[in-house]
Amino acid sequence: MTEYHLQVPLKDEDIKSLRLGDIIYFSGTAWTCRSKLQRYIFDEGHELPFSTEDKNLLIHVGPVVIDENGKWKLVSFMPTSSIRFEKWGEKSIRKFGLKAIVGKTTMGENTARAMKELGCIHATPIGVPVQAFLDRITVKDVYLFDELGSIEAAWILELKDLGPFLVDIDTTGRNHFDRLDSVIDENRKKVYEKLGIPEDFEYTKLY
């Protein structure tokens with residue numbers, strides 16, 4: 001496990017050096033995305049109203065932002081589960097030129113395959129209280145606020161050493177959680193054998 005502090009826009013050499021379990025922090029410009037935005041772009045055929053060339057880090061999050069005296073103020077920020085957006089994962093990487101996606105949990109096989117082909121990683125937050133991110137984020141701009149609403153709009157954020165995030169899919173296409181599942185399953189079999197529990201054991205149904 002190695003710790004990295006990366007600057008956005010992310011470079012190929014930075015991303016390809018990362019491996020499963022590495023810890024990363026991000027500085028620079030990123031943007032947010034949830035279901036409605038991806039549906040708006042990929043299913044309804046609209047174009048994203050800004051360039052992602054200099055902000056190739058996408059965060060799956062619906063931040064809570066308020067207008068305070070004419071300025072945007074971030075009051076809540078915690079990435080949401082990325083696996084919910086697996087349908088658009090590969091398309092997002094190809095269309096937006098992404099080098100990293102941040103979100104809770106992980107993503108599926110199609111996205112992992114695109115990450116291997118195009119050089120992109122997925123990273124998930126670890127051990128961070130909900131409000132701990134706020135001091136490291138400044139709201140720069142927002143797009144599609146009227147069309148999608150505050151939570152689903154594309155917020156442009158300036159990050160200052162935001163993290164820690166754990167690399168759970170690297171550019172070789174490996175998945176940290178798939179490996180954990182294998183270890184857990186092996187341990188489960190050993191415990192069953194030690195306790196004399198049959199492999200076809202089923203939990204008792206209470207109703």
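**Around helix H2**

Let's start with what covers the buried residues of H2: the covering parts include E2, E3, H3, helix H5 (145-148) and strand E9 (154-169). This is a predicted model, in which local features need pLDDT of at least 70 and side-chain atom pairs count only at pLDDT 80 or more, while totals for chains, interfaces and linings use all residues. Residues are numbered from 1 along each chain as its sequence is written, and side-chain values use heavy atoms, with hydrogens and water left out. Helices (H or I, at least four residues) and strands (E, at least two) are DSSP runs, numbered from the N terminus.

Which residues of H2 are buried? They are Ser-35, Leu-37, Gln-38, Tyr-40, Ile-41 and Phe-42. Here, buried means under 20% relative accessible area, exposed over 50%, and partly exposed in between (1.4 Å probe, protein chains only). Just after H2, Gly-45 takes a positive phi of about 80°.

Now look at how H2 meets H3. The axes of helix H2 (residues 35-43) and helix H3 (residues 86-96) come within 11 Å and cross at roughly 65°. Axes are lines fitted to C-alpha atoms, for helices over the stretch in contact, and angles run from 0 to 180 degrees between N-to-C directions. H2 and H3 are therefore roughly perpendicular to each other; angles under 35 degrees count as roughly parallel, over 145 as roughly antiparallel, 65 to 115 as roughly perpendicular and the rest as oblique. On the H2 side, the contact (heavy atoms within 4.5 Å) is made by Ser-35, Gln-38, Arg-39, Ile-41, Phe-42 and Asp-43, and on the H3 side by Lys-87, Trp-88, Lys-91, Ser-92, Lys-95 and Phe-96.

The aromatic rings are the next stop. The structure holds ten aromatic pairs. Rings of Phe, Tyr and Trp (its six-membered ring) pair if their centres lie within 6.5 Å; planes under 30 degrees apart count as stacked, over 60 as edge-to-face and the rest as tilted. In one of these pairs, the rings of Trp-31 and Phe-50 have centres 5.4 Å apart and planes at 80°, so the pair is edge-to-face. This pair links distant parts of the chain, 19 residues apart: Trp-31 sits in strand E2 (residues 23-33), and Phe-50 in the loop between H2 and strand E3 (57-60). Trp-31 is buried, with a relative accessible area of 0%, and Phe-50 counts as buried at 12%.

Trp-31 also forms an edge-to-face pair with Phe-96, at 5.1 Å centre to centre and 90° between the planes. Because Trp-31 lies in strand E2 and Phe-96 in helix H3, this pair ties together parts that are 65 residues apart in sequence. Phe-96 counts as buried too, at 7% relative accessibility. Trp-31, Phe-42, Phe-50, Phe-96 and Tyr-143 form one aromatic cluster.

Finally, a look at the backbone. Most residues other than glycine have a negative phi, and most peptide bonds are trans. A cis peptide bond joins Val-8 and Pro-9, with omega about 5°; Pro-9 is in the loop between strand E1 (3-7) and helix H1 (12-16). Another cis bond joins Gly-163 and Pro-164, also with omega about 5°, and Pro-164 is in strand E9. Asn-69 has a positive phi of about 55° although it is not a glycine. Asn-69 is found in the loop between strand E4 (64-68) and strand E5 (71-76), and at 78% relative accessibility it counts as exposed.
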